[in-house]
Amino acid sequence: MRLLFDQNISYKIVRKLSDIYPDAKQVRELGIEDFTDKEIWQFAKRENYIIVTFDADFYHFSLVWNHPPKIIWIRSIQQTTIVIESLLRHHLKDINLFNIDSSLSCLELIGK
């Protein structure tokens, strides 16, 4: 499963989660950190990524354009790398099920 972390999530998350998400990338790694949200959306669609974001814009894109790409929308007051890592580890099973369910376009993960 290919996760793409947007620019608001630290590039350090990729290394921290490499044991369970070995194909994850952050936009900075791919040289697309200055892309608009729409350009990131198009890149993720073309390259078969699931976008991981705090940004509601991607959720709105999914309502208008459906999927792919799919969106994992992290909704948390504390948006630290530690909190994000914990959420993605804790919800690994949910994320795997979300990935294979072709009827779903957005998975909301709610943290503290």
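Reply: Arg75 and Glu108 are joined by a salt bridge, with 2.7 Å between the closest N and O atoms; the term means a side-chain nitrogen of Lys or Arg within 4 Å of a carboxyl oxygen of Asp or Glu. This pair links distant parts of the chain, since Arg75 is in strand 4 (residues 71-75) and Glu108 is in strand 5 (residues 106-110), 33 residues apart. Strands (E, at least two residues) and helices (H or I, at least four) are DSSP runs, numbered from the N terminus.

This is a predicted model, in which local features need pLDDT of at least 70 and side-chain atom pairs count only at pLDDT 80 or more, while totals for chains, interfaces and linings use all residues. Residues are numbered from 1 along each chain as its sequence is written, and side-chain values use heavy atoms, with hydrogens and water left out.

Arg75 has a relative accessibility of 38% and therefore counts as partly exposed; the classes are buried for under 20% relative accessible area, exposed for over 50% and partly exposed in between (1.4 Å probe, protein chains only). Glu108, with a relative accessible area of 36%, is partly exposed. Arg75 has a further contact: its charged end sits over the ring of Trp73, 4.4 Å from the ring centre. A charge counts as over a ring if NZ of Lys or CZ of Arg is within 6 Å of the ring centre and within 35 degrees of the ring normal. Lys70 is placed over the face of Phe98, 4.6 Å from the ring centre.

The structure holds 4 salt bridges. In another of them, the side chains of Arg89 and Asp19 meet at 2.7 Å, N to O. Here again distant parts of the chain are linked: Arg89 belongs to helix 4 (residues 81-90), Asp19 to the loop between helix 1 (12-16) and strand 2 (25-26), and they are 70 residues apart. Asp19 is exposed, at a relative accessible area of 53%, whereas Arg89 is partly exposed at 31%. Arg89 also forms a salt bridge with Glu85, where the closest N and O atoms are 3.1 Å apart. Glu85 and Arg89 both lie in helix 4, separated by 4 residues, about one turn of the helix. Glu85 has 18% relative accessibility, so it counts as buried.

Now the aromatic rings. The structure holds 6 aromatic pairs. One of them is Trp41 with Phe61, an edge-to-face pair with 5.7 Å centre to centre and 80° between the planes. This pair, too, links distant parts of the chain, with Trp41 in helix 2 (residues 37-47) and Phe61 in helix 3 (residues 56-65), 20 residues apart. Rings of Phe, Tyr and Trp (its six-membered ring) pair if their centres lie within 6.5 Å; planes under 30 degrees apart count as stacked, over 60 as edge-to-face and the rest as tilted.

Trp41 and Phe61 are both buried. Phe61 also forms an edge-to-face pair with Phe58, at 5.9 Å centre to centre and 85° between the planes. Phe58 and Phe61 are both in helix 3, 3 residues apart, about one turn of the helix. Trp41, Phe58, Phe61 and Trp65 make up one aromatic cluster.

Phe58, Phe61 and Ser62 are buried in helix 3. Seen down the helix axis, the buried residues of helix 3 fall within an arc of 100°, so they line one face of the helix; the arc is that of the directions from the helix axis to the C-beta atoms. On the other side of helix 3, Leu63 and Val64 are exposed. For Val64 the relative accessible area is 63%.

Leu63, Val64 and Trp65 make a nonpolar surface patch of about 330 Å². Patches are made of residues with over 30% relative accessible area and no salt bridge, where like charges are joined within 9 Å and nonpolar side chains (Val, Leu, Ile, Met, Phe, Trp, Tyr) within 5 Å. Accessible areas come from the Shrake-Rupley method with a 1.4 Å probe, and for residues only the protein chains shown count as cover.

Pro68 lies in the loop between helix 3 and strand 4. Pro68 is partly exposed, at 43% relative accessibility. Pro68 and Asn48 are 20 residues apart in sequence, with 7.6 Å between their C-alpha atoms.
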